[in-house]
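Please open the structure in your viewer and keep the selection tool at hand.

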Amino acid sequence: YQFMPEASTRELALRTGEIDLIGIQARQDVVDRVRRSAKVDLAAPANTFYLFINTKKKPFDDIRVRQALNYATDQANLIKFIGADIAQSERSALPKGYVGQTDEVSQYPYNVTKAKALLKEAGLADGFSMSVNMSNSNIYLPPMQVLQEQWKKAGINVDIKVVDHPTYHRLIREDANPVVIYGAYRYPLTGRIYLEQFYKGSSAIGQLNAIVNFSHFGDGIPGADEEIDKAAFSADSAEQVRLWSIAQKKIADAAVSIPLYTQYYAMARSPAVDLGHEQKSLSFYTITEKTRLLAK
């Protein structure tokens, strides 16, 4: 193993044969470039990005406004911007690949007309404006800017205040934002940790045991604590899956978060490397007794 912080240095080392496997940036341009001379592997589950809607901040205490924001979000366009090869769509509060995940939940397909109608019902016929603190990280700021342009079509105007990444994490944990973009991967890949951290009432920002429940689901509004708790203490895996499915349906019905996409983990290897298995989920190659380095 060699530590090479610079991505360009790693790519060059792979091309020259100095290195056989590297981690690469999960960007479409990088994947396209590296594929010219090496084998690229994209793995998921990986970091899944959601937009969490703070139900304790007006006008998002009104479910019609949260639904409108969901309908105003063009997921397909966002994934096209991120890169079709490096991002997959998500449909539920639990990412694909996690035990207990289901897409059989309320869906909010892109529909600006529907979004405007819901805002009008909520007394916001002229739309509304909000100010959002956003990280300067290249995996946070660009998606937020895409959403800013999308929402504008529905009359939702966003003033983005760019801050450094550590400051962003501090501010969202101080409940400063009406909406929060957050990317996460939680192991083990089941409904337990993910749903507990992001959707259990006691995990809400401001609670004694706060984690990353930015929407205040189960805190400001009724949640799915009963299902999440029962699943955590059940020894019946089928019952756990059933309970996690109900929890996801409640989350979608309340429209407290918007599934954006999962951005694959990306890595590349020399054509001479035979992994001996399909690379899944982890952000770097798993080497086993079946991995082989073939003659170059």
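Begin by selecting strand 2 together with strand 7 (residues 257-269): the two run antiparallel and are joined by 11 bridges. Strands here are DSSP runs of E with at least two residues, helices are runs of H or I with at least four, and both are numbered from the N terminus. Two strands pair if DSSP finds at least two bridges between them. The model is a predicted one, in which local features need pLDDT of at least 70, side-chain atom pairs count only at pLDDT 80 or more, and totals for chains, interfaces and linings use all residues. Residues are numbered from 1 along each chain as its sequence is written, and side-chain values use heavy atoms, leaving out hydrogens and water.

Within this pair, select Leu51, whose bridge partner in strand 7 is Ile258. Now colour strand 2 (residues 39-53) by burial: 11 of its 15 residues are buried, that is, under 20% relative accessible area (1.4 Å probe, protein chains only), where exposed means over 50% and partly exposed lies in between.

Move on to Gln88, in strand 3 (residues 87-88). Is Gln88 buried or exposed? Gln88 is buried, because its relative accessible area is 17%. Display its surroundings: among the residues that Gln88 touches are Ala44, Tyr261 and Tyr264, a contact being heavy atoms within 4.5 Å.

Finally, select Tyr1, in the segment before helix 1 (7-16). Tyr1 is exposed, with a relative accessible area of 84%.

Definitions and conventions: Lists of a residue's contacts leave out its neighbours within four places in sequence.
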